[in-house]
Each structure stands twice: as structure tokens, then as C-alpha cells.
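Okay, thanks for coming, everyone. I've got one structure to walk you through today, so let me put it up on the screen.

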Amino acid sequence: MHDTPPSVVISDVRNAASTKRPSLDFTGCKATPWQGAGSQKAVVVMRGEDAWRVKATADGRSSAMEVTSGKLFQLTGLLAPDTELVEPLAGLPTSGDGVGSRYDPGFQDLGDFLASDAAVAAVAEATPSSRRSYVALQAQHAGAITANATLLHHAGVEWWALGEADAALHAANDRLRFDALEAMNGMLPEAMRCEQLRHYIASRWLDNWDHLNYRLENFGYTERDGQHVGMSLDFGSCGPLGFRSLHTGQMLPKQLSGEVAILQRPGSLFPIPPAFTDGVARFDALNDDPGALHDTTRWPYGFQSESIAAMFRPPVAPTPGVADTLAEMGYRLSLLPAAAIATVLERHWPAPADADASAWPDAATMTQRMVARRDAMLARFDPAQMSAWMQADPARAGRVCREVSDALQAVLGSGTDTVEDVRRTYAALLQAAPTAQPASAPAAAINGACPEIQCLQALHDALEQLDRAWEDGRPSLIRAAAAALVAPVVHEPMQRMLRRGPGRAPRTLEAFLANHAWLMVMDRLVDAGQLPAADVAALLLTPTPEAAYPPNVAAWSERHPQLGIAFIQLMDTLIAHGVPARQLRTELLTAKHPGTPGYYAEVLRNSASRGWVERLQHSGLWPDADDLQVKSLRSRAAFAARSHLPGGRASIAQPRLAHEQQHMALKPLVATLRQAYAPERLVALELDWLRQEAIASVGLIHRDERDALSRQVTQAVETAWAQALKKHGLPRDPVPAELMEAQQREAGNRYERDMWALRQDDAERLIARAGQVYRDAVLADPALSAEARHTLFTAAVHTAVTAVQAMVSDAARAGPPEVDVPALGDQVRRRAQALTMAQRTVQREAGKRAERGASAEAARRTDDEVKRAARAAADQLQRSAALLAFQKTTEQARASTRARVTQEAEARAARVGEAKTERIAQRLTSLKNFRQGLEMDNEISARLARLRTPVQQASAVRGAQFLDDKGQPRVAYR
């Protein structure tokens, strides 16, 4: 729970309107907000001189159930505040009546007390040397609280709203806080611890799922006559009350609250252990049996009460003070009369509404359950120890009786016949307490740690009952004992064991072969007329949903022929006592599940089928054609074909002990089988199983040894490998991975074999020691529940494994494992030498291949070069011829071009010259015509004569400006 103070200050409390008369009237009373622990809004109301803490609950029904649970707790005589219904108060939720509890200002919750100076003083007074350690734990507790307070301050949210990372850190600090509280609690004086134990046992009776919350609240100490006395309060998770729905906020019964209890725990608190989160189906939802007192897994938050249950959980031997407290609580419970329980429930338990009558029990159902829970718890207390406790100190027993008597009167009052009868009963008990005689020890329970042991226990108990009845001689007892052997509690488990087969473990083989014992006893009882033959035939030959008995017997008769022989002998006895053989044959044909072989089909598969067929024919149990009419045509044809095949000729031989038992009379047979399945023998089978479980869960080599061995092997292999490579002149390559793995594996296996040989005896002794503790605890308390015995078995396995691991750890600290370095070196060198030889062989082969390849390559290259040279020469000749032809063609083309150009030039020059001459002549003629009289006639005539003279030219006529001094073309125009 967490602190949630009201948001308003209430100074004047007024009762809201109600149709029901309140148990307490707070009209006009002054109230202040409640500032202490609690998950619901509450106030403190002063009513006269008394202070009452009033809180709201889910609804009025929940309030009534909580008040009733508080009154039932008070019946035990242990201290709890008075609780009453209170009508809704202004300022508090008005979902229904609230719960008022008388406030004790001296009370401190256990968690607060452990952190107080008073606890330091109590520890120092009891054990002065423990004071310093206790103060150190208080400092650890305070440091964890401070660290989380700082975390919440920085986060700026409440602890249930933290983010994932902050929640994980908060949970780690919370774990330190709770561990410190647990350690401090374990250091309190034993008298104070025994107060916790008293209230824990009473809380188991009421099924208080919130006995101690995560801050160790709801139980604490107050003072009476200067002494610290335990007190329990807040009964809101007792009886059928569970937790509120996470979706609707409605109160749920315990049957629906298991998952809610797990889911509602925020991640900012230290986590719920897996044994509780995985065991929701095992939570005690107000069952008739609360389970073993030390089994805290029956409560969702039972791990928060672990330091109390650890005081007496086997194999822990309770101290004398704890043993006396257990005896006292058994005595207190024995003083609780059913009439008082019924009266409290009739007066205060709410009547369920029609809509939820199936979810919430009525007063009558609650009375039945609470009485059944009381009786189941009483069955777990040793009556002899209780009697010894009473006789050792009669005054103490009388004081306890008066405490219960006074509590009864305070809760129930006086003036009714029921109360007066109860008071007279208490007076008689008070007088008888000093000389009370121990009651008879409870009967042994079917409580084996596994189904096989439980099967053998049921058979042993039935055989024991038969043996005692036979000794008594009364026919009615004998018939009742014989009927117990055919009861489902005996027959059905053995049928399952037969179907599963013998297995490989001794316990599974014993449970399987118990069918042989049962068949023999059935044969003797039918023969003695103690069991009706027809009933036994119907039991054997009627298939159940799980299996059919006859086919399973036949299937296993090859490996265990004593089963088949006992079965046929029982069939013979049934025939002798009036069961028709034809009826048996017909039922043997049909006693099977569809699609599976029947009895006769399994017989024909047997390697000794011929012998079995002859035996059945001798007894008149082999089917004929008329019997087979119950089968289909196809089945008849298959059966006929299989019957005519050659059968197995192996002989039928059963073990000598089975043969001897087969011929025993009923009484010696029962005595022999009782001894075979005695509790000591069954515990021995469990111890063998315990040994196998422990050996399978532990290794005899420590992790540090494996690591050291691996390092040494790696170093030795690497050194030897480097030396070998250097010796053989190989490249300095790393160690091949497969070589290193092989050496590691071989060295590890060798070391493991050596350590098993060296340490196995010590391990066996440690396992045997844990097994002896389990054996003693089981044999000392035959009435243990199956859950308690399984818990003891699991604890013994854990103890054995832990002890062996500690032994191995101690041995590992003695020094690193020795490695056979020379042997490793030899192996590595041989590997390197083999590698060298392989490499040389590879190199030689590679050289040869290279030489062959080189020769072939050279020949290939020569051919290629010749061909390539020939092709090159041909190409060169072709190119040369083409070039010559090209050059010739080019020269011819050039010559032709030059000739053509020359001709064209000459023709053009001639044409140009003639044209020029013509033009000049025309001009001269014109000039002559115009200048006939001029003196230039002679010059013109001379020029004309000169022009008519032909001029020699190489190519074309050029202008004078393009000619040199000699009349030749200039260089640039040549």
C-alpha cells in the first residue's frame, strides 16, 4: 500500500443518509485526515476518548466481509483492533458502508519498527554483539529509501508512474531496501519472531493475501504491560476478498484475482519471484485446505512473508521456541468451536445478491469452508507434540485457553444459548488442558513426489488395509479392504502406468510391475470369494477413455511375461467362479480402442506367440469362428491369415521371484507386497530419482577450471605449432581452427573424466546427505500433503546441487587444472609433420603438374609462334604487294593527271594567248584607226610584230609581277 492522504481536511463528520442502522454513530465527531499507511482514503475520528480509523472500501459488501474477517481473527485470542461497519461519511467515497477500526497509537507496522531505535534496543538486549550489524542494515535501508526519494524528486512523478529506466533503478533500490528489512527481521529476538509466527498461522486460516505488504505493513507491534506484542490489522484481503479489477475497479473474488495480483504490481517495485508468477493456478482461493503452512507460494505476495515461513520450513529444524509456538497455535485452532465460527458469520456476513451469488459465498458456505480450513490445518500439527506442550506447562496452556475464551466472549457477547454452550465447552477444555492426551496420528497421505510413487502408495495402503482386515478376521472389514483394491484411486493409476510402459527409471519400472502384483491379489480375492468375479471381469475388460487393459498386458508380455501369465491365471479363476469363457473371449476381442490392435493381435505379434496361443487354448480362451462373428469381415480375414502364419517359437520364462509369488497364498502374498511397497522402499525410489535429478543438474568441473584449461590448451597448442612450423620451414600460419577445437575438446573430455573419477564420491556423499534429510522429513510426517512433499523434494535437489557446486568451487580454487603439455605438443607436432608431408606431396605433385604443363605449353607456344610467323609473313607479303600495286597505280594516276593537267594548261594558255592577241589586235586596230596620223605607227607596228612572235611557256602565262628577273616563276609558285 502507499500513502494517499485526503485532498480536503475534514473537521466535522456527518453521517450520510442510509437505510441501515450503523454499528457506530460518528455524528458530530471531530475527524482529521489519516496521514499513515493505506491504499484507501481514510480519516481518524474521535468518539469520546477512543480514536477510530475509518476508511472507504470498494463497496458495502467488501466492508462487511472485512469486518467479519477481523472478528474471526479475534476468535483466536491474538491481538487485532476492534472492527465495525460505519455508514458512509461525508468527505469519503460513498460507494457503501466503510470500515472503522479502533486506533492504537502505540502500534508500529513491522517495517517501521525494524527501522526504529526500539528495534535496535531489542536486538542489543537479546544479542549485544549483533547491534553493530543491525545498525549497518538500518543504514542500508535508509540509504535505499533516500536514493529512491532523490530519484522521484528528479523525475517529478510518483513511484508507480516512473518511466522504464527510472522504474528499473527504483526497483533495484527497492530490492536493497526489502533485503535489509528481511535481514533485520531475522535478527529480532526469538520471542518477537514467534509473535509473527502466531499471526502468520492465523492469517493462513483466514487466507489473508495481504498478510505483509511490500513495506512489511499490516502486521506490527504494540505494547502491553511493557512488552512488545504482535498485532494484525487490515483484513481487506481475507476470506473470498481478492483485489479490484484493473478495468472496472470492482472488487473481485480470489478465484479471479490471481492474475490481477501479478499484473497490478508496478515495475518500480522489486519483482515477484518466478515461483509465484508461474504458480497463479496454485494460489489459495479460500480452498478447504490452505496447504502446507511453510508453502508461501499459496499467496500471490507470500514471498514477503518468507522470513517467517523459513523459521520452520523443512529441512530446517525448529528451535524449541518455534516448536512451542507451533504447538500453541495448533492448540489455539483446536479450541475454535464450529458454533462460534458459525455465529460470527451469521451475524456479520453479508447476504450475496442474486446476480453474484455464485461468485461470493453465503454465511453457510463460509462456515463450512472456515471449519474445513481449521480441520485441514489441525491435521498438519502433531497431536503428540501438542499434548507434550500442554503437559510441559499446564499454566501456559490454561492461559492460552483463557485468552481464547475471553476473545470469544468479547466477540460474541453473552446471553445466547450458543455462547453459553461455547463457554461451558471452554471451561471443560481449560480444566482438561494440563492432562490432555495426544490424539491418534493422522493417516498416511498419498503424497509421493511423482505420479509413480503415488500409484505405489495407493496400492500399499490398500494392501495394508487388507492385511489388517485379514488379521482382524471380520468379513465386513475384509470385503471393504478388497473393495479398496478395485477402487479408482488404486486401479486407474496402475492402468496409466501399464500404458506408459516400464520406462528406464527404477520408479517407473516398479509402478509398471505393480500391475503384476495387483493381478495376483485380484486372483486370490476372487478365488477366496471376497470379490465378485463378474465385477472384476467388467473392471478388466471394459476400456476406459485412457486405455484398454487387455491389449496393454499382451503388448508388454514379451518383455515381461509375468504380466501375461498373471492375467491368464486371473481369467482362469474368473471362469472357475462362473464367468462364461465365451463371454471372456468376446470381450477380449472387443476390448480395444478404434484403430489400435486388440488383445489377440498383440499376442500374435509376440516372439513366443505359439506358446501364448497354446496357453490360451488350454484355458479355453482362444476365439473360434463363432466368437469372431463380432468382428468385421475384413478383421476376421486378417485374423485368420495371421493365425495361419508360423508363430514365434521363443519360450515363455518369467523371473524366479515372480514365479514364486505366482504360487503364494493370499496372506503371505499380501505381506510380501506390503514389504515391497513399504514407505521406506518408496522413499528409496525417490532418492534414486533425486540423485538422477541432482547429477543431471550439476557438473563436476567449475567454469573457472574450464576457462583456465582452455587458456592453457590454447597456449600449449600455439607454442607447439609455432615450433613445428619453424622446424619444418613452413610459413608462420595461425593454428588451424579444427586442430585447436579438436585439442580443446579432447583435453576437456579427458579432464572431465578425470574429475568425475576424482570428485564423484564426494558428490555422491553430498547428494546422499541431502537425500537423507528428505528421507527423515518424509518418514517423520506420513501425513504431509503432496505439495509439501514435492516442495521438500525440490528443496533437497536444490540443496544437493548447491552443495556439489560449492565443493566444485572450492576444488577449483586449489589451483588451475594441469595440462599434459608434452602430449599436446606431440599431437601438434605430428599434425604439423603430417601437414608438412602433405604439403611436400602437394608441392611435388604440383611441380610435376607444372613441368608437364610447361612442356605442353612450350610445344603449344612453338606451334603457335610458327603459325603466327607464317601468317605474319603472308600478311607482310600481301601488304607489300598491295603497297606496290597502290604505288604503281598512284604513279600512273599522277602521271596521267600531270599529262592531262599539262595539256589543259597548254590549251588554256593557247586560248588565252590567242584571245589576248585578238583583243590587242582589235585595240591596236582601233588606235590605228584613231591615230593614223600619229608618230607611233612605227612603234605599234613593231610591238605587233613582237607580239605575233610565239613565246615559250612551261605551264601557263603568268603576270609579270609573278616572274623573277629572268622571267621565271617565283619560288612560291613553282
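I'll start with the ground rules and the overall picture, then go through a few places one by one.

So, ground rules. This is a predicted model, where local features need pLDDT of at least 70 and side-chain atom pairs count only at pLDDT 80 or more, while totals for chains, interfaces and linings use all residues. Residues are numbered from 1 along each chain as its sequence is written, and side-chain values use heavy atoms, with hydrogens and water left out.

Overall picture next. Of the 974 residues, 43% are buried, where buried is under 20% relative accessible area, exposed is over 50%, and partly exposed is in between, using a 1.4 Å probe and protein chains only. Contacts here mean heavy atoms within 4.5 Å. If you take the contacts with a separation of 6 or more, 71% come from residues 24 or more positions apart.

Now the sheet. What order do the strands take in the open sheet of 5 strands? It goes β1-β2-β3-β5-β4, with antiparallel pairing, and pairing needs at least two DSSP bridges between two strands. At the edges we have β1 (30–33) and β4 (83–86), each pairing on one side only. From one strand to the next, the twist averages 30°. Look at β2, residues 42–47, and β3, residues 50–55: they run antiparallel and are joined by 6 bridges. Ala-42, for instance, has Lys-55 in β3 as its bridge partner. Then helix α1, residues 60–74, packs on this sheet and touches β3, β4 and β5 (98–102). The direction of α1 makes about 160° with that of β4; for angles, we use N-to-C directions from 0 to 180 degrees, with axes fitted to C-alpha atoms, for helices over the stretch in contact.

On to a helix pair. The axes of α3 (residues 117–126) and α4 (residues 131–155) come within 9 Å and cross at roughly 155°. That's why we call α3 and α4 roughly antiparallel, a label for angles over 145 degrees. Who meets whom? On the α3 side it's Ala-119, Val-120, Val-123 and Ala-124, and on the α4 side Arg-131, Tyr-134, Val-135 and Gln-138.

Next, a hairpin. Strands β7 (residues 219–224) and β8 (residues 227–232) run antiparallel with 6 bridges, and Arg-224 has Gln-227 in β8 as its bridge partner. There are 2 residues between the strands of this hairpin. Asp-225 sits in that loop, with a positive phi near 55°. Most residues other than glycine have a negative phi. Asp-225 is exposed, because its relative accessible area is 81%. There's another one to look at: Asp-234, in the loop between β8 and β9 (241–244), has a positive phi of about 65° and isn't a glycine.

Last stop: is Arg-507 buried or exposed? Its relative accessibility is 16%, so Arg-507 counts as buried. You'll find Arg-507 in helix α19, residues 506–527. Setting aside neighbours within four places in sequence, Arg-507 is in contact with Cys-450, Glu-452, Ile-453, Leu-685 and Trp-689.

Methods:
Helix = DSSP H or I, 4+ residues; strand = E, 2+ residues; numbered from the N terminus. Parallel < 35°, antiparallel > 145°, perpendicular 65-115°, else oblique.
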